[in-house]
Amino acid sequence: MTGIREIKPLPRSNRLRRRMIISLLGLAVLPLAAALAAQFLVVRDDLVASRKSQLIRESRQAAEQLGGDLRRYLQSAALLAAVPEVQTAVSDSRPFPEGLQAVARLSLSGLQKIELLPDSSAAAAPSIVFSKDILVCRVPVSGRPVKTRAILELSFSITDLQHSLSLHSMGERSGAVLFNDKGMRLAGNLVIPLPPAVDGGNEGFTFTSEGESFFAAVAAVKSPLNSAAGGLFIALAQPAEQMHDQFNSVILQVSVLLGAGAILAVALAWQMANSFLSPIMEIRRGAEIVSRITLGHRIALDTDDEL
């Protein structure tokens, strides 16, 4: 019995266990990691292309919404110009009726001021003008019964427009901006850079501002008339590095899952290695006892397999 207690574990057992664990991990983890890596290369480009398509689609929707707002402003001005009280005020060279102005303020969101201006050849046709933080809508109005003419001018705050553009914010230095074909910023966040050129289409393109690369989707606003501010455009701009944020988020989540899976795989591989090696090591230990101590020693194995 003393001889049995002096027998030491064989030093090759740990090496064999390590080799088995590495082999099992290689069979389980490496193919999965290689498949995920190959898939990431494909998914990365798909996510970026999907984000670009989304920006282009959102720019079109924003342009259509602004075009609808401009038509609504113009129609409101035309309806006011057709009111008999307004036409009478033009004939009598009086200002816009105060009572009607109060009603118009309640019914028209963002309306700040209504004025009747003398007619001029430069403003004879309906027009929409952006002036600082004000949107000015002008329509001609005829006097009644005297055929005098004047210009009805409605001034709207662009607060609602600013709020609408802010809904497209996608983080720092990204969002929507309204500008004209002369490169004049009309609304939007001041930190968002303007695209260097406008092609009039809806295709996205990449440009550089202050050493940073941006992707922009530009859509032309379908104005109900030729605005005095020129052609209107809405651009949705986003830093190029933010285009990969969704992909980076997916990578982080997958990395956490792979880490947890790797820990579980190591634990399972260790358990499997022990289950395979324990009977083998017991046989080798018994063989050592037989060869060194007693030929009558029996090896106790509780497995029902080939061992």
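**Salt bridges and a buried glutamate**

Colleague: Which residue does the side chain of Arg94 meet in a salt bridge?

Modeller: A salt bridge here is a side-chain nitrogen of Lys or Arg within 4 Å of a carboxyl oxygen of Asp or Glu. For Arg94 the N to O distance is 3.5 Å, and the partner side chain is that of Asp92.

Colleague: What pLDDT do local features need?

Modeller: Residues are numbered from 1 along each chain as its sequence is written, and side-chain values use heavy atoms, with hydrogens and water left out. This is a predicted model, in which totals for chains, interfaces and linings use all residues, side-chain atom pairs count only at pLDDT 80 or more, and local features need pLDDT of at least 70.

Colleague: Is Asp92 buried, partly exposed or exposed?

Modeller: Buried means under 20% relative accessible area, exposed means over 50%, and partly exposed lies in between (1.4 Å probe, protein chains only). Arg94 has 39% and is partly exposed. Asp92 has a relative accessible area of 45%, so Asp92 counts as partly exposed.

Colleague: How far apart are the closest N and O atoms of Glu115 and Lys113?

Modeller: Glu115 is partly exposed at 28% relative accessibility, and Lys113 is partly exposed at 38%. The two form a salt bridge, with the closest N and O atoms apart by 3.8 Å.

Colleague: Which strand holds Arg138, the partner of Glu153?

Modeller: The side chains of Glu153 and Arg138 form a salt bridge at 2.6 Å, N to O. This pair links distant parts of the chain, 15 residues apart: Glu153 lies in strand 4 (residues 149-157), and Arg138 in strand 3 (residues 134-142).

Colleague: How many salt bridges does a search of the whole structure find?

Modeller: Side chains of opposite charge can pair when their charged atoms come close. Among the pairs found are Arg94 with Asp92 and Glu153 with Arg138. For the whole structure, the number of salt bridges found is four.

Colleague: Which residues does Glu58 contact, leaving aside neighbours within four places in sequence?

Modeller: Glu58 is in helix 3 (residues 30-81); helices (H or I, at least four residues) and strands (E, at least two) are DSSP runs, numbered from the N terminus. At 18% relative accessibility, Glu58 counts as buried. With contact taken as heavy atoms within 4.5 Å, Glu58 touches Arg51, His168 and Leu236.
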